[in-house]
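The following questions and answers treat one protein model. Please read each question and consult the sequence and structure before turning to the answer.

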Amino acid sequence: MVACEYRPGLEGIPAAQSSVSFVDGQVGRLEYRGIPIQELAEKSTFLETSYLLIWGKLPTAEELRDFCYEIQYHRRVKYRIRDMMKCFPESGHPMDALQASAAALGLFYSRRALDDPAYIRAAVVRLLAKIPTMVAAFQLIRKGNDPVTPKDDLDYAANFLYMLSEREPDPVAAHIFDTCLTLHAEHTMNASTFSARVTASTLTDPYAIVASAVGTLAGPLHGGANEEVIEMLEEIGSVEKVRPFVDACLARKAKIPGFGHRVYKVKDPRATILQKLAEDLFARFGSDMYYDIALELEQIVSQELGPKGIYPNVDFYSGLVYRRLGIPNDLFTPVFAIARVAGWLAHWKEQLEANRIYRPTQVYAGYHDQAYVPIEAR
Ligand code: ACO
């Protein structure tokens, strides 16, 4: 076998041939199935975009109506899953609760009939429908309340906000939240999508695939960064303290959450849209002191690290939007997961269309022919 160079983090190594999405990190371009993200954010909805990602084309009016109806119909989760969630410790992280709950769905629905389009469709619908319900259910359960039943006359985004707060959301806020979901729905071969594709390649069920991807998304270098951004803004506390904070991070070579990206060497286009959404929310519902801190931070970090291609990524402004929408900090990453389920499912389908199990190699750096030393001689 030909020896090949080891690249930490598989940087620059294609892990799949895909037509789901495209990124040009030098100019900040992102497309889902060839459509620029700016167009989708402005004109589409999260469920229409999910259909586009998963089935590879924009739905007709009838296809979209049927898809939305099926998802609405399947929003509830079985009482046994709710009872299982009641046994989770309320101090546990909601991403861990989501990972366990997503895996538990497989106990009820796993048939692994991967060559049956009806099974694929039902799994797509169930996962898109039930993940938000499970995120909201854990939030209410850990506060000591019963989960709220989904409300049929509310659309996808509005229903999630309703299930979280037990109040019907302002329509503009719900629309902005829906756009956030569209922005987070897919992003080429990131860590959680890679994880989803590796898991999919074993021909396991889609619930295991989503559980695997949720676990990968949870880390602070990936989806978990949005929560860390708000914690950082809270820790900084005032605009005057931004400069000393950045200097201290640079001095100890600490990574600043919400900045930097393996692919983007300019400001992430999603960060630009999210910043505008944050401003729209502040104009309607009042400003947020942390926004001024964020602006100062962006300016100073871009000045200091811009020459290295480090600018705000998707996680930098999303937390400010979610905060204004009343979503608790530790639900930011589960909200990211709600959206990214669409991308993971699109990659699941694509993987199945030309599957070969992932089995990379390694560069062995250990010893050979070592003697076994008896325990009493060690
Ligand atoms: N703050 C300060 N310096 C940074 C940052 C940052 N946020 N990100 C990268 N750098 C520096 C590194 O220190 C390194 O400098 P060096 O060459 O002098 O050693 C250089 O930029 C390259 O950084 P790597 O860590 O090698 O870049 P990599 O591509 O492996 O990592 C990542 C990308 C994980 C996103 C990184 O930028 C990071 O940790 N950012 C903070 C966490 C974050 O916001 N994650 C969310 C990413 S978006 C998403 O996953 C949804």
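Q: In which loop does Lys 253 lie?
A: This is a predicted model, in which local features need pLDDT of at least 70, side-chain atom pairs count only at pLDDT 80 or more, and totals for chains, interfaces and linings use all residues. Residues are numbered from 1 along each chain as its sequence is written. Helices (H or I, at least four residues) and strands (E, at least two) are DSSP runs, numbered from the N terminus. Lys 253 is found in the loop between helix H12 (242–251) and helix H13 (269–285).

Q: Is Lys 253 buried or exposed?
A: A residue is buried if 20 or more other C-beta atoms lie within 10 Å of its own, exposed if 12 or fewer, and partly exposed in between, with C-beta atoms placed from the backbone. Lys 253 has 6 C-beta neighbours inside 10 Å, and therefore it counts as exposed.

Q: What is the phi of Lys 253?
A: Lys 253 is a residue other than glycine, yet its phi is positive. The value is near 55°.

Q: What is the order of the strands in the open sheet?
A: Two strands pair if DSSP finds at least two bridges between them. Strand S1 (21–24) and strand S3 (35–36) are the edge strands, each pairing on one side only. The pairing in this sheet of three strands is antiparallel, and the order is S1-S2-S3.

Q: Which residue in S2 is the bridge partner of Phe 22?
A: S1 and S2 run antiparallel and are joined by four bridges. Val 23 stands opposite Leu 30, and Asp 24 has Arg 29 as its bridge partner. For Phe 22, the partner in S2 is Glu 31.

Q: Which residue in the turn between S2 and S3 has a positive phi?
A: Two bridges join the antiparallel strands S2 and S3, and Tyr 32 has Ile 35 as its bridge partner in S3. The two strands form a hairpin with two residues between them. The residue in this turn with a positive phi, about 50°, is Arg 33.

Q: How many C-beta atoms lie within 10 Å of that of Arg 33?
A: Arg 33 lies in the loop between S2 and S3. Arg 33 is partly exposed because the number of other C-beta atoms within 10 Å is 19.

Q: How many residues of domain 2 are in contact with domain 1?
A: The chain is divided into domain 1 (18–220 + 339–353) and domain 2 (225–324), with bounds that come from an automatic or database domain assignment. Their centres, taken over C-alpha atoms, are separated by 26 Å. Two residues are in contact if their C-beta atoms, placed from the backbone, lie within 7 Å. On this basis, 18 residues of domain 1 are in contact with domain 2, whose own contribution is 20 residues.

Q: Which helix gives the most to the side of domain 1 that touches domain 2?
A: Strand S2 (29–32), helix H1 (37–43) and helix H8 (171–184) each supply at least two residues of this side. With seven residues, the helix that gives the most is H8.
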